[in-house]
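Open the model in your viewer and keep the selection panel at hand. This tour goes from one selection to the next and says what is there.

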Amino acid sequence: MTNELLSIRNVLNKNQRQLLSRRNVVATGIGYKVTGGKRASNLSLVSSALGCDTRLKAVSLQAGDNLVDAAIARPINAHDVTDQILEIGTIQGTTSGVSGMAIKKSGRTTGLTRGEVLQVDVTVNVQYGEGKTARFTDQLLAGPMSQGGDSGSAVLDETNLLMGLLFAGSDNTTIINRIENVFTSLGVTR
Amino acid sequence: MNRRLLGMLVLPLFPFSEGTRKLPPIREVKAKHEAEVLALPGVVSVGIGQDKEGHPVIVVGLDRSRPETEAQLPRRLEGYPVLVQRVGSIKAQ
């Protein structure tokens, strides 16, 4: 299974295996307009996992402050999904990100990379295409460990405890949603 | 005399020097000031980091070199140092 999608369980339906990723990655998979060539490979990648009649539950970007950029999707066939993350293995639980925490992710573009949480409680303006900016609060900031196409990657500490969802960055910075905010916003748990 | 009472007697002798003054929580200080900081040209982020000694600092991220913005930023906010870093333009990935 792809490293951009993270298998989780919905608290409302404990036996239903679901997929968590950045909203755009999931939306792309169900036929939302693909913007730019970078998303093109996501289309086949997610489509093949989810099929075309997948239902989407998204947390929309709001006019005010945002906490997460995430969505969940239900695979047509639960056997198509495993709990394994490419190059990382099995998630051992969850933890809360703190300054100085050593972290890693496995992403589509840059593969397995490592970094460190440099800032917490970050309020940050994130660009979504030309002229569109969304402000996020309570984010985690790490050094450079991702590029375009890596968003939606699960971010874990060195003991494979899940701590965040990667979604944005610059040449020298990576921005991560706190996993506790992701789970609370979507009403899911692991 | 028990230790707590002894502490109450000793503490007021050194209450107001800069080094020992109790600062408000850094999250509160950042929350209070971040809107005005983010309103300055080129500021893309405000967060809580640590200096080399592990002390909490408020970190202001700029999209590029912005001497005029840097000149407007305070060196400290309610006792906490303000560090300025160039983080570049942050984009959804």
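Select B:Arg27. At 41% relative accessibility, B:Arg27 counts as partly exposed; that class lies between buried, under 20% relative accessible area, and exposed, over 50% (1.4 Å probe, protein chains only). This is a predicted model: local features need pLDDT of at least 70, side-chain atom pairs count only at pLDDT 80 or more, and totals for chains, interfaces and linings use all residues. Residues are numbered from 1 along each chain as its sequence is written, chains are lettered from A and ligands numbered from 1 in the order in which they are written, and side-chain values use heavy atoms, with hydrogens and water left out.

The term stands for a side-chain nitrogen of Lys or Arg within 4 Å of a carboxyl oxygen of Asp or Glu. B:Arg27 lies in helix 2 (residues 26-38) of chain B and A:Asp121 in strand 9 of chain A, so the pair joins two chains. Helices (H or I, at least four residues) and strands (E, at least two) are DSSP runs, numbered from the N terminus. Side chains of opposite charge can pair when their charged atoms come close.

Is A:Asp121 buried or exposed? A:Asp121 is buried, with a relative accessible area of 11%.

**Where the chains meet**

Show both chains. Here 31 residues of chain A are in contact with 22 residues of chain B, contact meaning heavy atoms within 4.5 Å. Together the chains bury about 2,000 Å², 42% of it on carbon and sulfur atoms. That buried area is the accessible area (1.4 Å probe) that two parts lose on being put together, summed over both.

How many salt bridges are there between chain A and chain B? The count is 2. Select strand 9 (111-127), strand 10 (133-142), strand 12 (161-169) and strand 13 (174-178) of chain A: each supplies at least two residues of the side that touches chain B. The largest share, 10 residues, comes from strand 9.

Chain B has 3 helices and 5 strands. From the N terminus on, its elements run α-α-β-β-α-β-β-β. Of its 93 residues, 38% are buried.

**Back in chain A**

Select A:Arg178 and A:Glu180. They form a salt bridge, with the closest N and O atoms 3.3 Å apart. A:Arg178 counts as buried at 6% relative accessibility, while A:Glu180 counts as partly exposed at 28%. Over all chains, the structure holds 8 salt bridges.

Last stop: A:Ser106, in strand 8 (residues 102-107) of chain A. A:Ser106 is buried, at 1% relative accessibility. Its side chain makes a polar contact with the side chain of A:Glu87 (3.2 Å). A polar contact is a pair of N or O atoms within 3.5 Å; within protein, one must be able to donate a hydrogen and the other to accept it, and residues adjacent in sequence count only if both atoms are side-chain atoms.
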